[in-house]
Amino acid sequence: MNKAYDVIIVGARCAGSPTAMLLGRKGYRVLMVDRATFPSDTVSTHIVHPLGAAALSRWGLLERLAATGCPPIHTYLFDFGPVSIAGAPGTKDAPVGYCPRRTILDKLLVDAAAEAGAEVREGFTVEEVLSEDGRVVGIKGHSRGGGAVTERAEVVVGADGRHSAVAETVRPEQYNERPPLLCGYYAYWSGLPMDGRFETYVRPYRGFAAVQTHDGLTLVIAGWPYAEFKANKSNVEGNYLKTFELVPEFAERVHGSKRETRIAGATVPNFFRKPFGPGWALVGDAGYNKDFITAQGITDAFHDAERCATALDESFTGRCSFEQAMGDYQRARDERVLSMYEFTCQLATLEPPPPAMQQLFGAIQGNRKAMDRFAQMNAGTISPAEFFAPQNMGAMMGDAQVVS
Ligand SMILES: Cc1cc2nc3c(=O)[nH]c(=O)nc-3n(C[C@H](O)[C@H](O)[C@H](O)COP(=O)(O)OP(=O)(O)OC[C@H]3O[C@@H](n4cnc5c(N)ncnc54)[C@H](O)[C@@H]3O)c2cc1C
């Protein structure tokens, strides 16, 4: 390899920084750039499910996160009106999730990448992804106020989010596409204690959730179907607050608390992209984007970082061809997330659960083991395919009959 860098990574948040860190730890020459500077916020809520926390633990970063005063979340509660289900979302080894502010989580990840030896350029915007003979060979961009700079590498990794400039250049195959399904709006509140619970309330065509984050603040997000985006756009605040009135006990808690920030919001498309090609790779939202209703994006980005860094290492060391290693990365990603993707897209419609599902919720309610399984499925600890498998369904219904 005679290029200045082995890998250039565009984007330094949940996907980019861990990829840079893991490659840096293996001794590769890594340049990571981001037009943002850190710490900085981004439009996203930020639940990190137990398997995401497990990744941080594998990387030696979970203690650092806990030391920032981020409260652990040990219970996920789902309130469907007539039925509510509360369970433990994790495993014995990874029992809790967290909801760290992105200002804190992303900075921690950027610092870990730098500590691992990656060169980090903050405030650097990539304007062009350079190709020669059908192969990506580098980037062209500039620092704030600086002139154009060109950098070359064996592989350019797009960790640059759903509007990825790398993907825009290489135009990868896109599949399983769905349009935006949901609009979500959130703000931070003080005086709204959650005691380690992530609470989700589901009503026909409306949903909201609350979870504690840093500094004694509680993040509260509310959503409605994308079909109502235009109609509700002129009064987001009124519609956001009105959603809580669907659950009077929650509305009362909100009335006793104080909103500390403005309301931010987003709506996103759903798609998979082929995450590699000659001289390039994609991780995180750049390669696979989905509605945020199941809060999988950060945990998925962590998984991508691990698998992509492993695949690149296998290809650089010659243990495997680039095509083979990256093909395995794509297959493993798609296999891991596909049933959660379908589940997420279904949930994001906010359509009332069909009668069979309501019956299932009723059967699960009060059955500790089944409620834990339900919480684990929503956290992505077990897949929806596993949860909804006839054998598991039969076992849960059977358990319920024994309990009732
Ligand atoms: C409303 C909302 C709520 C969400 N809630 C959750 C949740 O609770 N839990 C969860 O796990 N996920 C959640 N997500 C999803 C989560 O935000 C993403 O999955 C996650 O941020 C993906 O990380 P990433 O590193 O791939 O991309 P991003 O976080 O989008 O980072 C991309 C980075 O690339 C940089 N970049 C882009 N283009 C360039 C360029 N040309 N030059 C230089 N830099 C560039 C950007 O500055 C940015 O810093 C939510 C998303 C939304 C919109």
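Predicted model: local features only at pLDDT ≥ 70, side-chain atom pairs only at ≥ 80, totals over all residues.
Local features are reported at pLDDT of at least 70 and side-chain atom pairs only at pLDDT 80 or more, while totals for chains, interfaces and linings use all residues. Residues are numbered from 1 along each chain as its sequence is written, and side-chain values use heavy atoms, without hydrogens and water.

The ligand is surrounded by 26 residues, each with a heavy atom within 4 Å of it. Asp34, Ser44, Thr45, Asp285 and Ile298 are the closest. By class, the shell holds 11 nonpolar, 9 polar and 6 charged residues. Here Ala, Val, Leu, Ile, Met, Phe, Trp, Tyr, Cys and Pro count as nonpolar; Asp, Glu, Lys and Arg count as charged; the others, Gly among them, count as polar. Strand S6 (124–132) and helix H9 (297–316) each supply at least two shell residues. S6 gives the most, with 3. Helices (H or I, at least four residues) and strands (E, at least two) are DSSP runs, numbered from the N terminus.

Polar contacts are pairs of N or O atoms within 3.5 Å. In the side chain of Thr45, an N or O atom is 2.5 Å from a ligand nitrogen. A backbone N or O atom of Ile47 lies 2.9 Å from a ligand oxygen. A backbone N or O atom of Val126 lies 2.9 Å from a ligand nitrogen. The protein covers 92% of the 1,000 Å² of accessible area that the ligand has on its own (Shrake-Rupley method, 1.4 Å probe).

The ligand sits in the largest pocket, meaning that more than half of its atoms lie within 2 Å of the grid points. A pocket is an open set of points on a 1 Å grid over the protein atoms alone, where a 1.4 Å probe fits, with protein on both sides within 12 Å along at least five of seven lines; lining residues have an atom within 4 Å of a point. The largest pocket holds about 1,200 Å³ of space, counted as the space filled by probe spheres set on the points. Its lining comprises 47 residues, with Arg13, Thr42, Gly161, Arg162 and Asp285 nearest the centre. They divide into 22 nonpolar, 15 polar and 10 charged. Strands S2 (30–34), S6, S10 (182–190) and S15 (264–266), together with H9, each supply at least two lining residues.

The second largest pocket has a volume of about 710 Å³. It is lined by 41 residues; Thr200, Val202, Ile293, Leu347 and Leu350 lie nearest its centre. The lining divides into 30 nonpolar, 10 polar and 1 charged. Elements that each supply at least two residues include S10, strand S11 (197–203) and helix H10 (322–347).

Two backbone features remain. A cis peptide bond joins Phe38 and Pro39, with omega about 5°. Pro39 lies in the loop between S2 and helix H2 (50–58). Ala295 has a positive phi of about 55°, although it is not a glycine. Ala295 is placed in the loop between strand S19 (288–289) and H9.

Conventions
Polar contact = N/O pair within 3.5 Å; in protein donor to acceptor, adjacent residues only side chain to side chain.
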